[in-house]
Amino acid sequence: MKYEKELDYSQMMTALNELTKDKSYIKMSYIGNSILYRPIPVLTIGEQSAKKSVLYVATHHATESICTLLLLKFLSEFISLHEKGQKACGINLKFMLDARKIHIVPMLNPDGVEYRLHGIEEQNPLYSRVMKYSNGDFSKWSSNARGVDLNHNYDAGFYEYKMIEKEQKITQGPTKYSGESPESEPEVSALASFVRYNIEELCGVLTLHSQGEEIYYKSAGMCPQKSEFVSKQIAKMTSYKLSSTQGTASYGGLTDWLVQKYNLPSFTLECGLGENPLNPSLSSDIYLRLRELFFTFPILF
């Protein structure tokens, strides 16, 4: 597959199963389930004995599912080069996998993606509530199945953000509502649990969003050791701009949580330019800008 068209959850799972079939160096498992009981896959590339690992996460927001395509492109190219014994960006992939693991969560918000691409079915137990939130228009739906923005649901400035929600009258719906409590959403709880389980080996995290061609790596004035160096390397490789979050974007995100709670080098990339959802035909050009980063990120730590 060339991954030039948006994939719904079923299509993504078919692609993942095809890509990983009979690949002993790739393990596919699940970090948990979405609200509507869709298993959320995680791919682990590398030897279990590897002492360090990195994590790539895409599609917190349903309007940003082009990021799923980017990770599938990376996975596909990685497999192709590995099978041929070829290097990528000067890196011997087989040698790298002896020392590093790469965890990939290609679609954290499958329910939201299904809403945006296919709408909501009447038999959905949340149908009446969600129709009220959306007015039946899912073209800009970013949240999960019950109208919570997953990238505001982490335990980082969560309660400060609740005050902003009250002031700005942000409620459940297509975007920006943070939920009832940190990790109230099963998707966020599952990813947070995966991070906690692997925290001793994790040395860096890439979270893919769209759009803006920016890099965020600090939170609440905190910056983990190595983050300054790595962020400059990322900027050099991608030509993306190093930035600081502003306003509501400064609270409750995965990068915020990892920086504040674990002092873990974490980087949010706003991929591509335009208006979300970006046209999937842009994915190839965006991937070319990020390709070197995807292959070299594991060895920057």
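Modeller: The side chain of Glu77 and the side chain of Tyr287 make a polar contact, at 2.6 Å. Please keep in mind as we go on that this is a predicted model. Glu77 belongs to helix H2, which covers residues 66-84, and, if we leave aside its neighbours within four places in sequence, Glu77 is in contact with Tyr287, Arg291 and Phe295. For a sense of scale, Glu77 and Asn135 are 58 residues apart in sequence, and their C-alpha atoms are 41 Å apart in space.

From here we can turn to helix H10, made of residues 283-296, which lies across strands E3, E5 and E8 and runs at about 160 degrees to E5. Those strands are part of an open sheet of eight, with the order E1-E2-E4-E3-E5-E8-E6-E7 and with mixed pairing. At the edges stand strand E1 (26-33) and strand E7 (241-243), and because each of them has a single partner strand, one side of each is left without a neighbour in the sheet. From one strand to the next, the twist averages 25 degrees.

E1 and E2 form a hairpin with five residues between them, and in its turn Tyr37 has a positive phi of about 65 degrees. Strand E2 itself covers residues 39-45, and it is largely enclosed by the rest of the structure because six of its seven residues are buried.

The next step takes us from E2 to E4, which run antiparallel and are joined by three bridges. Here Leu43 has Ile104 in E4 as its bridge partner, while Thr44 stands opposite His103 in E4. On going from E4 to E3 the pairing is parallel, with six bridges between the two strands, and Lys101 in E4 is the bridge partner of Ser53. E3 (residues 52-58) is in turn joined to E5 (residues 202-209) by six bridges, again with the strands running parallel, and Tyr56 stands opposite Leu206 in E5.

Let us take His103, whose place is in E4, residues 100-105, as an example: its relative accessibility is 4%, and because buried means under 20%, His103 counts as buried. Its side chain is joined to that of Glu201 by a polar contact of 3.1 Å. Beyond its neighbours within four places in sequence, His103 is in contact with a list of residues that includes Val42, Leu43, Ser53, Leu55, Phe194 and Asn198.

Two of those, Phe194 and Asn198, lie in helix H7, which covers residues 186-198 and packs against helix H9 (residues 254-262) at an angle of about 35 degrees, with the two axes 12 Å apart. The way in which H7 passes H9 is a right-handed crossing. On the H7 side the contact is made by Leu191, Ala192, Val195 and Arg196, and on the H9 side by Leu254, Trp257, Leu258 and Tyr262. Sorted by class, this contact has seven nonpolar residues, no polar residues and one charged residue. H9 also brings us back to the sheet, on which it packs by touching E3, E5, strand E6 (214-216) and strand E8 (266-270), and its direction makes about 165 degrees with that of E8.

Ser181 is placed in the loop between helix H6 (158-168) and H7, and with a relative accessible area of 29% it is partly exposed. Leaving aside neighbours within four places in sequence, Ser181 is in contact with Asn153 and Phe158, and its C-alpha atom is separated by 8.4 Å from that of Tyr159, 22 residues apart along the chain.

Key
Residues numbered from 1 in each chain as written. Predicted model: local features only at pLDDT ≥ 70, side-chain atom pairs only at ≥ 80, totals over all residues. Heavy atoms only, no water. Axes fitted to C-alpha atoms, helices over the stretch in contact; angles between N-to-C directions. Left-handed = near helix turned anticlockwise from the far one by under 90°. Contact = heavy atoms within 4.5 Å. Nonpolar A, V, L, I, M, F, W, Y, C, P; charged D, E, K, R; others polar. Buried < 20%, exposed > 50% of the residue type's maximum accessible area, 1.4 Å probe, protein only. Polar contact = N/O pair within 3.5 Å; in protein donor to acceptor, adjacent residues only side chain to side chain. Pairing = 2+ DSSP bridges.
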